[in-house]
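The sequence and the structure are shown below.

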4 protein chains.
Amino acid sequence: MASLQSPSSGLFLSDNAAAVHPRVWAAMRAADEADAPYDNDALSRELDERMEALFGRECAVLWVATGTAANCLALATMVQPHGAVVCHREAHIEVDEGGAPGFFLHGAKLLLAEGDGAKVTPATLRAVIDPIRDDVHQVQPHAVSVTQASEYGRAYRPQELAAIAALARGRSLGFHVDGARFGNAVAFLGCSPADAIGGADALSFGFVKNGGMSAEAVVLFDSAAATLARYRRKRAGHLQSKGRYMAAQIHAMLEDDLWLDNARAANAAAQEIATASGERLLHPVEANELFVRLSATEREALRAQGFAFYDWGVDAARFVTAWNTPPDAAQALAKAIAAL
Amino acid sequence: MASLQSPSSGLFLSDNAAAVHPRVWAAMRAADEADAPYDNDALSRELDERMEALFGRECAVLWVATGTAANCLALATMVQPHGAVVCHREAHIEVDEGGAPGFFLHGAKLLLAEGDGAKVTPATLRAVIDPIRDDVHQVQPHAVSVTQASEYGRAYRPQELAAIAALARGRSLGFHVDGARFGNAVAFLGCSPADAIGGADALSFGFVKNGGMSAEAVVLFDSAAATLARYRRKRAGHLQSKGRYMAAQIHAMLEDDLWLDNARAANAAAQEIATASGERLLHPVEANELFVRLSATEREALRAQGFAFYDWGVDAARFVTAWNTPPDAAQALAKAIAAL
Amino acid sequence: MASLQSPSSGLFLSDNAAAVHPRVWAAMRAADEADAPYDNDALSRELDERMEALFGRECAVLWVATGTAANCLALATMVQPHGAVVCHREAHIEVDEGGAPGFFLHGAKLLLAEGDGAKVTPATLRAVIDPIRDDVHQVQPHAVSVTQASEYGRAYRPQELAAIAALARGRSLGFHVDGARFGNAVAFLGCSPADAIGGADALSFGFVKNGGMSAEAVVLFDSAAATLARYRRKRAGHLQSKGRYMAAQIHAMLEDDLWLDNARAANAAAQEIATASGERLLHPVEANELFVRLSATEREALRAQGFAFYDWGVDAARFVTAWNTPPDAAQALAKAIAAL
Amino acid sequence: MASLQSPSSGLFLSDNAAAVHPRVWAAMRAADEADAPYDNDALSRELDERMEALFGRECAVLWVATGTAANCLALATMVQPHGAVVCHREAHIEVDEGGAPGFFLHGAKLLLAEGDGAKVTPATLRAVIDPIRDDVHQVQPHAVSVTQASEYGRAYRPQELAAIAALARGRSLGFHVDGARFGNAVAFLGCSPADAIGGADALSFGFVKNGGMSAEAVVLFDSAAATLARYRRKRAGHLQSKGRYMAAQIHAMLEDDLWLDNARAANAAAQEIATASGERLLHPVEANELFVRLSATEREALRAQGFAFYDWGVDAARFVTAWNTPPDAAQALAKAIAAL
């Protein structure tokens with residue numbers, strides 16, 4: 001188990017600090033030669049077309065440095081300052097983005113829906129939306145946001161997303177997908193990327209957790225939204241001058257489906273651990289996060305063996321695998337859990 | 001002149017898209033091993049101490065991806081939403097940041113002062129501040145911001161900054177320095193970094209134009225401001241999860257004064273061209289930007305020789321050198337201008 | 001019952017549209033002679049002293065046109081844009097102000113606490129505050145806001161407020177009281193105004209629902225907060241030029257305790273109805289609002305007799321009395337309910 | 001001259017604190033009977049139709065308490081947070097609204113145009129707009145705002161407004177008229193109200209300076225804008241619950257053209273003084289404001305006679321007449337100036 005102590009002591013803490021994939025490094029180095037600044041370089045200009053090939057729809061792609069910025073810039077194309085986003089009570093935008101939606105949306109609210117596994121449903125969305133009086137005293141919903149895969153590592157099925165999209169359309173709401181771990185969801189679902197967003201108006205396509213360094217993509221399927229988002233990106237200080245290094249990361253991730261291969265590797269490691277966890281699992285494992293019921297004593301025992309992870313409340317732990325989780329580390333963790 | 005056509009055809013357009021310095025690349029690669037996310041990694045945690053050594057004062061250092069973000073986060077520690085920043089009419093925050101100050105400062109204004117070479121003086125600042133009635137009907141100044149080196153490549157002398165700092169203190173105004181090209185100013189002045197900011201409360205210390213990739217530093221000399229800025233950075237979507245790659249860039253730039261060496265190289269190239277430009281210069285050349293009076297015909301002639309640059313109004317051009325401007329390219333441009 | 005049909009058909013709908021008290025009218029007319037504009041007139045300048053006499057503490061008083069503006073301007077003195085207000089899930093600022101807190105606080109959040117009768121307690125506040133991680137990823141509370149009397153017509157007892165104030169002080173949180181129906185609460189409690197706010201930093205002192213026309217008071221017990229609020233009031237378009245008509249309303253309400261007399265009248269009318277409602281009451285009646293369990297058929301029967309009120313969910317109704325509710329109208333309603 | 005000392009010592013300071021017209025008082029008193037709250041009362045609901053009759057176009061009317069709120073709510077229907085309003089350098093929204101546009105427009109900028117008499121022209125607007133690069137680094141104009149009558153008491157002629165409107169339409173800019181003294185302009189021009197706004201999208205129709213107490217009208221000639229403005233009015237705390245007293249003021253002002261009669265009276269008083277001022281006038285007098293060249297000694301002499309007014313710089317004074325300026329007071333001032 002020595003291999004888990006150093007340098008891999010953080011192995012199961014999160015995928016958000018994993019090393020950068022060698023092909024991403026190579027693409028960045030290959031972009032070193034000067035090109036036009038901001039997003040006028042050749043690599044940035046080629047992103048739209050590349051993403052259109054993936055989704056089979058016209059779209060605009062804007063790179064930004066974080067998922068928080070991606071989510072908020074996407075939502076800002078749909079939500080007026082006096083409106084609201086409906087999302088799950090445990091959505092990342094609600095819980096872990098330091099109030100960024102309030103900033104980017106100029107004071108708009110988040111309205112919180114319920115749902116197992118941090119997934120909303122048409123019914124739980126309606127439970128939030130329907131009681132809102134249609135008058136100026138109450139904040140009106142302008143958009144719905146879902147996370148694919150969810151904050152508990154659950155994947156929305158295409159038909160689930162289609163139902164949410166239909167609800168959104170019927171109420172004239174924008175529809176946004178937070179895809180911080182979109183690759184993991186698509187790898188699990190085995191469906192097309194398009195089906196994995198269910199006709200959403202915008203996707204935050206995450207790469208950083210999946211082998212990238214610092215580039216996430218805001219994918220906008222509406223050209224007016226794209227124009228607005230470009231102004232807002234600059235205004236938020238997110239338009240980097242050496243943007244080609246950002247675009248290069250995304251190209252590398254899309255090239256030969258590296259994003260899917262990386263996600264599959266992380267998912268496979270998670271499945272190894274999931275199988276060993278059995279009844280301990282709080283949620284079915286459909287991506288690369290595991291929430292495992294473990295007593296304080298059990299967690300201590302695992303940590304004594306060199307495994308690193310976050311506590312999840314008082315009687316559980318969260319393990320996250322990454323594109324580069326060594327298979328033997330996953331096996332070792334699986335064995336250690338099984339042996340408890 | 002073939003060397004100027006490709007890959008160096010953009011040589012004198014701007015320093016903002018220049019290649020990344022090899023030592024910066026090396027430092028980033030060396031940071032590949034996973035560490036704690038966000039700014040909890042060892043490299044990020046060591047930045048304060050490193051910068052304190054440079055400035056001889058306690059400070060806090062926050063990396064961000066752009067100068068716009070750095071400027072606005074720094075100013076947000078000084079300016080209430082109902083207040084204003086006094087800056088030069090041609091300041092980058094006024095002219096080229098897409099309204100970012102209005103966003104980060106929640107609607108605060110920029111009040112515009114005059115001054116040769118895009119440099120304000122106590123007198124031009126007072127000309128803006130003094131007529132403001134001290135009542136709620138008029139927006140009150142909360143901070144002063146200067147650019148070192150200025151947007152016309154001029155460096156504030158230490159005594160000039162000290163006078164501005166004294167004015168700011170006397171009026172209870174914050175004092176911010178936009179140091180997008182701070183290295184070039186210090187290299188020119190030959191003074192200490194501390195003297196080159198004149199007791200400012202905050203510095204946007206730029207590295208991207210000087211050999212970095214995507215890391216600028218917000219340097220805050222007030223601990224309460226630092227706490228606030230950390231929350232605001234996250235809220236603006238600028239807290240990257242793999243922050244160690246950001247910190248690594250800054251460490252590399254500071255290591256063995258790479259930032260000064262790079263700036264000196266850029267300044268030297270600019271001086272070569274300046275000497276040849278003589279009476280054509282619109283502003284004394286003190287950093288790495290040149291504003292040269294050139295007719296349309298002359299500009300065309302230079303471009304025909306492979307030189308790239310921006311027009312500056314109808315009868316001038318702007319040339320910018322960078323850390324990696326080849327000396328022979330600078331000489332070639334100097335000769336070409338002299339030959340006009 | 002003819003008297004309830006017209007003009008008094010709206011009698012129990014709300015106190016927020018009741019006629020203006022004759023003494024308020026008289027005071028406004030008496031202010032007709034021109035004086036200095038904004039809040040520089042004699043009446044506005046005398047407000048601080050008058051309110052200090054009432055509360056026995058130094059304070060600053062700013063008139064504004066609505067309770068929403070009063071609440072939000074008060075909270076803006078305590079809450080940074082990246083922070084949050086903790087309030088009850090059914091607080092007016094959360095439910096009925098059209099997102100105004102998000103606007104005036106520049107995107108700050110409302111964090112929602114539980115509690116019977118729309119009253120929070122130290123325990124329910126801690127249940128919200130304690131789980132918040134002290135890091136930049138989560139929005140931190142900056143203030144607590146309570147409504148006195150609450151949205152269900154319940155009054156906080158002085159010792160309850162003192163406990164909340166102690167919690168707020170202990171966590172360095174601001175403490176705000178929304179007193180849209182403050183008079184009704186004080187009339188019920190029979191305590192001093194000071195005890196009825198429990199050492200709060202700011203009070204929105206409501207007069208419009210209690211016989212005024214268009215003037216609410218922001219009462220700030222901190223001079224720095226007052227300075228800030230004055231700038232923010234102007235910036236929000238709430239500094240009326242003929243402010244003397246605003247100040248006159250507040251003076252009239254405070255003169256000879258008109259505010260208390262009016263509130264006592266409204267409370268007495270409510271008690272008359274409460275007694276008749278008996279077991280039907282959803283909440284004890286401590287101010288001038290009644291929430292009465294009534295079937296659809298029963299509500300229809302009451303409306304057929306000329307009574308006007310709002311449905312409250314599917315099996316209850318809300319009745320609100322006002323300073324000018326005719327005693328015989330209250331008696332008539334009481335009888336009608338008793339007769340159901 | 002005793003009559004000028006008290007109570008009329010403030011006679012020429014401003015029209016913004018003048019007494020309320022008796023017919024406005026009467027209309028407010030007549031509205032005392034309870035009606036539906038907010039803007040659901042009969043008087044508020046009748047405003048649209050009444051204003052449509054005046055302008056001969058469909059429109060929506062929202063009352064608010066101040067001209068600042070009216071201007072900013074109107075502009076918020078035209079300007080995105082990343083955009084800008086082009087207005088005169090001395091426009092009230094720039095100079096005297098405490099930064100309210102930055103607040104209501106969520107950080108949008110004001111871009112400042114030149115022009116004699118505080119009036120912009122197509123040429124001065126183009127001088128601001130044309131140099132703006134159409135890229136995300138520069139804030140783009142979204143609207144033009146003019147003041148009718150201007151801050152120097154000048155009236156835009158219908159053809160001048162038509163030219164500005166054509167420019168705005170050609171650039172897809174919104175067009176707003178700040179009519180704080182709209183009555184004075186129309187009274188001077190002798191044209192229709194519609195011609196006096198030249199096809200603007202929105203008008204802030206001022207009544208407070210013209211005999212009202214606390215009600216200004218936002219007049220919106222676009223129904224989508226009206227919906228948005230209604231939400232934003234509530235969100236800004238400007239939706240008063242006893243709105244009928246607001247609507248009553250506006251109805252009284254429009255009834256039998258009281259607004260025009262009052263404006264004519266003020267204008268006539270101003271003309272009396274203007275004639276006596278002759279060469280001393282800094283601006284032609286077209287409304288109810290006079291800017292008169294007067295030395296410090298001369299101003300002192302006038303004040304010694306009981307006249308009140310503001311200094312205007314070091315060698316001039318501003319006099320403002322109102323609907324209720326006594327003709328003999330105007331004559332007295334005229335004589336006093338002539339006698340200097």
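Copies of a chain are superposed here by least squares on the C-alpha atoms of residues with pLDDT of at least 70 in both. The model is a predicted one.

**Relation of the paired chains**

On that basis, chain C is superposed on chain D by a rotation of 180 degrees, with 0.0 Å of shift along the axis and an RMSD of 0.0 Å. This is the relation of a two-fold axis. The residue of chain C that comes closest to the rotation axis is Ala236(C), whose C-alpha atom is at 3.5 Å.

| Pair | Rotation | Shift along the axis | RMSD |
|---|---|---|---|
| Chain C on chain D | 180 degrees | 0.0 Å | 0.0 Å |

**Contacts between chains**

Which surfaces do the copies in chain C and chain D use to meet? Of the interface residues of chain C, 100% are also interface residues in chain D, so the copies meet through the same surface. The contact joins 37 residues of chain C to 37 residues of chain D. On the side of chain C that touches chain D, at least two residues each come from α5 (67-76), α7 (100-104) and α11 (223-235) of chain C. By class, this side of chain C holds 19 nonpolar, 12 polar and 6 charged residues.

In the contact of chain B with chain A, 37 residues of chain B face 37 residues of chain A. The elements of chain B that give two or more residues to this side are α5 (67-76), α7 (100-104) and α11 (223-235). The side of chain B that touches chain A is made up of 19 nonpolar, 12 polar and 6 charged residues. With 100% of the contact residues of chain B recurring in chain A, the same surface serves both copies.

**Domains of chain A**

Chain A is assigned two segments of sequence to domain 1, 2-19 and 259-338, while domain 2 covers 22-258. The centres of the two domains, taken over C-alpha atoms, are separated by 27 Å. Their contact involves 19 residues of domain 1 of chain A and 22 residues of domain 2 of chain A. On the domain 1 side, α13 (258-277) and β8 (289-293) of chain A each supply at least two residues. The most is given by α13(A), with 8 residues. The domain 1 side comprises 9 nonpolar, 5 polar and 5 charged residues.

**A helix pair in chain B**

Two packed helices are described by the angle between their axes and the distance between the axes. In chain B, the axes of α2 (residues 22-30) and α12 (residues 244-254) come within 8 Å and cross at roughly 140 degrees. Angles over 145 degrees count as roughly antiparallel and 65 to 115 as roughly perpendicular; α2(B) and α12(B) are therefore oblique to each other. The crossing of α2(B) past α12(B) is right-handed.

From α2(B), the contact is made by Arg23(B), Val24(B), Ala27(B), Met28(B) and Ala30(B). Facing them, α12(B) contributes Tyr245(B), Ala248(B), Gln249(B), His251(B), Ala252(B) and Met253(B). By class, the residues of this contact between α2(B) and α12(B) are 8 nonpolar, 2 polar and 1 charged.

Definitions and conventions:
Residues numbered from 1 in each chain as written. Chains lettered and ligands numbered in written order. Predicted model: local features only at pLDDT ≥ 70, side-chain atom pairs only at ≥ 80, totals over all residues. Domains from an automatic or database assignment. Contact = placed C-beta atoms within 7 Å. Helix = DSSP H or I, 4+ residues; strand = E, 2+ residues; numbered from the N terminus. Nonpolar A, V, L, I, M, F, W, Y, C, P; charged D, E, K, R; others polar. Axes fitted to C-alpha atoms, helices over the stretch in contact; angles between N-to-C directions. Parallel < 35°, antiparallel > 145°, perpendicular 65-115°, else oblique. Left-handed = near helix turned anticlockwise from the far one by under 90°.
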